[in-house]
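Here are my notes on the model, as numbered points. Please read them with the structure open.

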Amino acid sequence: MSDDDDFMQESDQEYGFDYGSAEEEEDDPPDVEVENKYYNAKQIKQTNPQEALEEFLEVVALEKEKGDWGFKGLKQAIKLEFKQKQYDSAIEHYTELLTYVKTAVTRNYSEKSLNNMLDFISSSSDPADMACMERFYDLTLDTFQGTNNERLWLKTNIKLAKLWLDRKEYGRLTKSIRLLHQACQKPDGTDDLSKGTYLLEVYAIEIQMFSETGNNKKLKALYHKSLRVRSAVPHPRIMGIIRECGGKMYMSEENWKEAQSDFFESFRNYDEAGSLRRIQVLKYLVLTSMLMKSEINPFDSQETKPYRNDPRIVGMTDLVEAYQRNEIHRYEQILEKHKAEILSDSFIREHIDEVTRNVRTEALTKLIKPYTRFTLKFIAEQLQISVPEVQEILGFLILDKKIRGKINQKEGTVEVESKSDVERMESMKEWSKQFQGLWKTVLNESDGFRPEDAAVTSSGSAIPRGIPQEYTTSELFTTHQAGAFKARKGVKGKGRDPGYEQ
């Protein structure tokens, strides 16, 4: 926590000039002793915190009336007590500090100082600090509620909600969100448009909670609701959070196009806000581009181009280039080299397997194109992956009808039907089907011959007498004898062709 806020009050003071006499100045000298003691305490607080703490408390005692030096001294003393786990003393002095808010210091200075104080204690990750931390928030909220300062009450409650979110205490977070929603509503229960900015902050926190807990149904409804808020001028960071969660929601639905759009908007907002989160979201944007199988490099846009060579994202940059060129070996090498960087994020880790499977599928399809028979071991060696992984990819391609083939698990071989053979077989089947229809129409339903003069095959088709019954319908019309049984229109009687001898 920086101590620069000690000087923030200067911006809130009015500057004036006192043209009093030198005698009057001598009669009323500045409290140099208090000021010196304060700065001496600041100098030793790193090396001797206990002595500095006593000095800061002396500054408060030396001030006759509540003023700036006492306020500053209490702030420093509270921080040291909190660090040294002197919780009771810290709470006691924080309660005293809150009494300065009404009259001793300006409103803006007190608000900034208290916000900084809450940020300082909230940064602690020690579970032992939680009870003291909650007490600080309770005291602050009671003070602001007592002064009818609704704006600061909302800010403090939002800060508390963020604390519960960071600590994943969703039960307490739900209670805080409920209070914040009530504070942002009119008496009739509708949203108060004058508090649209605060409402969007509440939505952002709630959306994050639903995203982390995997409640996509509520997340989707709230996400679209937040985009309809037009009365607010939100901070870009808030819109960055909302868009990021929206992108993750669409990713879970495998809606890559909408996810890419939201991640881009999130990156743009984070970049505008100067948030470091923009780097992580840019990685999500690259990931989505690969899942979309897009041929457009995500670093070609004006907004993302400056980050192409950023060391924090060079792994994803190289990965997308290898992906777009279908260079599977280079892709695997880059993924292995930057494994710690890329897979450290749980969201990327969850979806990178899908990208890797796409790369391997493309490489496998290209590799087997000239072959009609090959072994699983051959493919595994060429792609540098295991045989079960090859079998899984081939099974997916066969089920998806992207290739026509059969896997012989016993022998570890695969037979693929060539495209020309498949087309030829399909044509033969269609030709045979149409020819059978023609046979039935011409010889069964016409007057070419009488039913009693025909034998019946097992399929129910009639064959004229004299034709061996072992002939099938298709075989009959593929022999030269078929030409002797053409039905002649208008011929009555038994319908036998005169050129045929029984």
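1. Terms and conventions. Buried means under 20% relative accessible area, exposed means over 50%, and partly exposed lies in between, with a 1.4 Å probe and protein chains only. The model is predicted: local features need pLDDT of at least 70, side-chain atom pairs count only at pLDDT 80 or more, and totals for chains, interfaces and linings use all residues. Residues are numbered from 1 along each chain as its sequence is written, and side-chain values use heavy atoms, with hydrogens and water left out.

2. Overall content. The protein has 23 helices and five strands. Helices (H or I, at least four residues) and strands (E, at least two) are DSSP runs, numbered from the N terminus. Of the 502 residues, 42% count as buried. A contact means heavy atoms within 4.5 Å. Among contacts with a separation of 6 or more, 59% are between residues 24 or more positions apart.

3. Asn326. This residue is found in the loop between helix 16 and helix 17, just after helix 16. Asn326 has a positive phi of about 60 degrees although it is not a glycine. Is Asn326 buried or partly exposed? Its relative accessible area is 41%, so Asn326 is partly exposed.

4. Lys293. Lys293 sits in the loop between helix 15 and helix 16. Its relative accessibility is 45%, so Lys293 counts as partly exposed.

5. Helix 16. This helix covers residues 314–324, and its buried residues are Gly315, Met316, Thr317, Leu319, Val320, Ala322 and Tyr323. What do they pack against? The partners are helix 15 (277–291), helix 17 (328–337), helix 18 (339–343) and helix 19 (346–368).

6. Ile348. The place of this residue is in helix 19. Ile348 counts as buried because its relative accessible area is 0%. Leaving aside residues up to four places away in sequence, Ile348 touches Gln280, Lys283, Tyr284, Leu287 and Ile342. Ile348 and Leu287 are 61 residues apart along the chain, while their C-alpha atoms are separated by 7.4 Å.

7. Two packed helices are described by the angle between their axes and the distance between the axes. Axes are lines fitted to C-alpha atoms, for helices over the stretch in contact, and angles run from 0 to 180 degrees between N-to-C directions. Angles under 35 degrees count as roughly parallel, over 145 as roughly antiparallel, 65 to 115 as roughly perpendicular and the rest as oblique. The axes of helix 13 (residues 236–252) and helix 15 come within 11 Å and cross at roughly 25 degrees, and the two helices are therefore roughly parallel to each other. Helix 13 passes helix 15 in a left-handed crossing, meaning that the near helix is turned anticlockwise from the far one by less than a right angle (clockwise would be right-handed). Glu244, Lys248 and Met251 in helix 13 meet Arg277, Val281, Tyr284, Leu287, Thr288 and Leu291 in helix 15.

8. Helix 7 and helix 9. The axes of helix 7 (residues 107–122) and helix 9 (residues 150–166) come within 11 Å, crossing at roughly 10 degrees. That makes helix 7 roughly parallel to helix 9. From helix 7, Arg107, Glu111, Asn115, Leu118, Asp119 and Ser122 meet Arg151, Leu152, Thr156, Lys159 and Leu163 of helix 9.

9. Helix 20 and helix 21. For helix 20 (residues 376–383) and helix 21 (residues 387–399), the axes come within 9 Å and cross at roughly 105 degrees. The two are therefore roughly perpendicular to each other. Leu376, Lys377, Ile379 and Ala380 in helix 20 meet Val387, Val390, Gln391 and Leu394 in helix 21.

10. Helix 11. This helix (residues 196–213) has 18 residues and reaches 25 Å from its first C-alpha to its last, close to the 26 Å expected at 1.5 Å a residue. The expected span is 1.5 Å times one less than the number of residues. Helix 11 is mostly covered, with 13 of its 18 residues buried. Just after helix 11, Gly214 takes a positive phi of about 75 degrees.

11. Cysteines. A search of the whole structure finds zero disulfides, a disulfide being a pair of cysteine sulfur atoms within 2.5 Å. Cys132 counts as buried at 3% relative accessibility, and Cys245 is buried with a relative accessible area of 6%.
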